[in-house]
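Visitor: I have a structure to study and would like to be guided through it. May we begin?

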Amino acid sequence: MAERETWIILGATSSIARAFARLAAADGADLLLAGRDEADLERACGDLRARYGAKAEVFLFDAREPGDSRALAEAAAARPGTLNVAVFLGSMPEQTAIDVDPDLAAGVIADNFSGVVSALHRLAPLLEERGDGVVVGVGSVAGDRGRLKHYVYGASKAGFHAYLSGLRNRLARKGAHALTVKPGFVDTAMTWGEKAKPLMISPEAAAADIMRAAKRRQDVLYTPWFWRWIMGVVQLIPERVFKRLSF
Amino acid sequence: MTVWRDAALTGWGRALRASTRAARPERANQLIEALDAAGPSLCLYGAGRSYGDAALNSGGATVITSRLDRVLAFDEETGEIEVEPGAAIGGLLRDFGPRGWAPPVAPGTGFVTVAGAIANDVHGKNHHADGSFGQHVTQITLRTGGGETLTLQPEDEAFRATVGGVGLTGAILSARLRMRPIAGDKAFVRERRMPSLDAFIEAFTESDRRYSVGWVDAAATGATLGRGILEEGESTGEPSRERARRARAIPFDAPPFLLSASVVRAFNAAYYARIPKDGRTRVRPLSAFLFPLDALADWNRLYGKRGFHQFQCVVPPDATESLRAILAEAAGSGLASPLAVLKRLGPGSAGMLSFPMEGWTLTVDFPAAQASADLIGRLGATALDAGGRVYLAKDALLPPSAVPRMHPELDAFRAVCDRLDPEGRMTSDMARRLRIRRAADG
């Protein structure tokens with residue numbers, strides 16, 4: 001580890017992000033927890049300070065506010081040492097709700113894609129400059145193929161995947177790295193409202209998987225691993241068959 | 001907005017289940033929102049480690065608190081800590097043990113939440129030395145069934161009703177407790193064979209170690225009745241050669257022959273013989289010593305699809321003949337599983353309905369079946385006749401008449417519940433089965 005290391009966590013109130021922040025804090029990293037719910041983020045920071053003696057601070061950040069990205073980049077630039085960024089931000093309203101009110105689509109795309117891109121694009125030069133650091137971008141298996149149930153969400157995640165792939169290409173030239181994470185079913189608040197799903201893993205298990213992959217500088221991580229094979233099969237289904245399926 | 005979903009929850013024994021409307025908030029404000037929106041029938045569920053129906057609420061609402069697990073404050077000087085209700089005991093040991101602080105009392109599994117530990121006033125292997133969990137709690141912030149937020153101190157009646165009150169006074173929003181300084185997060189463990197119940201009783205009476213617990217061969221009868229292994233421990237900073245392991249999972253429900261009498265007898269004989277005649281001592285991770293079963297995730301699946309009942313009673317110190325009778329009946333039944341535990345309890349307890357009292361506590365698992373239920377009924381009756389108690393956190397089978405016999409402060413408890421929760425929202429399958437809130441309620 002460099003003299004100091006900071007993990008900037010976007011969407012830090014999500015349960016995977018919480019577990020991930022604990023792993024980073026246990027490793028001795030400083031934390032900047034970015035999100036919208038100040039009271040909850042303060043609690044999360046208190047937890048990291050009490051459990052691990054970590055230096056943890058709150059940064060109020062809304063992916064739909066372009067000004068927040070600029071402010072975040074300034075705050076990041078002021079920190080010494082290695083900068084890492086993990087993006088757990090995202091939202092997933094019901095596809096049917098978007099069908100009723102198409103204006104919702106813009107918000108989903110901002111949370112999952114455009115807002116995140118504008119933040120990462122301001123942070124990327126810092127990682128290049130310092131010649132190290134890792135970006136962890138949490139996408140979704142839903143981004144591998146548009147499905148009837150979640151295709152606006154899936155499309156925003158697919159856009160994010162493509163962005164991360166390009167960012168990885170760019171950062172690799174300067175010694176930094178980007179990891180694309182595609183979680184399957186994780187037992188989070190996002191999946192709580194849906195029917196019980198098979199093959200569900202805990203947020204802690206997903207976070208441990210992601211941290212391991214980030215340290216190894218893996219390029220793309222499916223978590224749990226077998227989703228790589230499931231999505232491999234899903235992608236092989238010919239479009240003329242796929243268009244009739246509704247899963 | 002609270003997200004409710006229809007869920008089938010089970011007790012840890014998996015013999016009882018409940019269809020309920022469940023919410024699992026992740027933030028403090030969402031917890032209050034869920035509690036307020038839960039409707040007229042509300043139950044709290046933590047890590048799901050109560051064996052029977054203490055945390056089940058068929059047909060009503062259940063708020064799961066396990067995701068609220070943050071440490072809110074920690075004082076490095078005094079060891080006082082404030083946590084959200086879902087913080088797990090094992091996680092506190094993992095994170096604070098290396099800095100010289102341990103949860104004051106640890107039950108047999110580290111998955112238990114702080115709120116669950118308070119609601120059941122749990123005890124651990126150090127009960128004779130340090131008392132029950134509730135005795136180390138200095139403050140509870142409670143959202144009552146009536147929708148008020150109260151800050152409770154140990155001298156308050158409502159505090160004594162909440163500790164051990166199986167969730168019936170309201171929801172714990174946060175709690176302060178004193179952690180205990182430890183020499184290190186390892187344990188110096190001595191294991192000795194105990195050839196009989198008398199040997200056990202004598203050794204427990206003489207033991208001066210902080211932690212002590214006995215594994216009992218509940219299949220042994222006659223002259224070897226009550227034989228087992230006594231484990232005594234002290235925390236230490238010495239290094240251990242044993243590494244903290246990741247839990248292994250039990251991937252499927254085990255077939256029933258695994259717990260047939262002959263298999264259990266053979267297993268127990270080997271388990272007993274594995275300790276050398278003159279005993280052994282070793283240094284182990286404190287967590288491995290305190291939470292032996294946590295090395296197997298979902299070990300409750302070992303009992304198969306039908307699940308199991310865990311029977312735990314306590315009898316007064318001089319009721320050793322009742323203890324012997326209970327053990328003899330369990331051993332003679334051929335139903336007992338290898339998991340049987342004997343321990344000497346001290347007098348410490350902190351709540352009106354607390355389980356711990358000075359004496360001998362015996363725990364035995366039985367596969368769920370009618371024969372087991374009948375047997376457990378008889379064992380419980382023997383314990384109660386001896387002036388003892390059965391542990392509500394484990395129970396699925398007691399009759400309502402048992403509660404006033406076990407808990408002389410029941411009327412005071414009911415009065416506090418009526419004051420904090422006048423509409424009677426706080427409930428559970430157990431509360432209804434045992435008529436804990438009032439003698440006549442259905």
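Guide: Two strands pair if DSSP finds at least two bridges between them. Helices (H or I, at least four residues) and strands (E, at least two) are DSSP runs, numbered from the N terminus. This is a predicted model, in which local features need pLDDT of at least 70 and side-chain atom pairs count only at pLDDT 80 or more, while totals for chains, interfaces and linings use all residues. Residues are numbered from 1 along each chain as its sequence is written, and chains are lettered from A and ligands numbered from 1 in the order in which they are written.

Visitor: How many bridges join strand 2 of chain A to strand 3 of chain A?

Guide: Strand 2 covers residues 30-35 of chain A and strand 3 covers residues 56-60 of chain A, and the two run parallel. Within this pairing, A:Gly35 stands opposite A:Leu60. The number of bridges joining the strands is five.

Visitor: Is A:Gln95 buried, exposed or partly exposed?

Guide: A:Gln95 lies in helix 4 (residues 95-100) of chain A. A residue is buried if 20 or more other C-beta atoms, placed from the backbone, lie within 10 Å of its own, exposed if 12 or fewer, and partly exposed in between. Because A:Gln95 has 18 C-beta neighbours inside 10 Å, the residue counts as partly exposed.

Visitor: Into which domains is chain B divided?

Guide: The bounds come from an automatic or database domain assignment. The C-alpha centres of the two domains of chain B lie 24 Å apart. The division is into domain 1 (71-182) and domain 2 (186-399).

Visitor: How many residues does each domain of chain B bring to the contact?

Guide: Two residues are in contact if their C-beta atoms, placed from the backbone, lie within 7 Å. The contact takes residues from both sides: from domain 1 of chain B 29, and from domain 2 of chain B 25.

Visitor: Which strands stand at the edges of the open sheet in chain B?

Guide: The open sheet has eight strands in the order 16-12-14-13-19-20-18-21, with antiparallel pairing. Each edge strand has a single partner strand, so one side of each is left without a neighbour in the sheet. These are strand 16 (280-285) and strand 21 (389-390) of chain B.

Visitor: Which residue is the bridge partner of B:Phe188 in strand 14 of chain B?

Guide: Strand 12 (residues 186-194) and strand 14 (residues 228-236) of chain B pair in the antiparallel sense over nine bridges. In strand 14 of chain B, the partner of B:Phe188 is B:Glu234.
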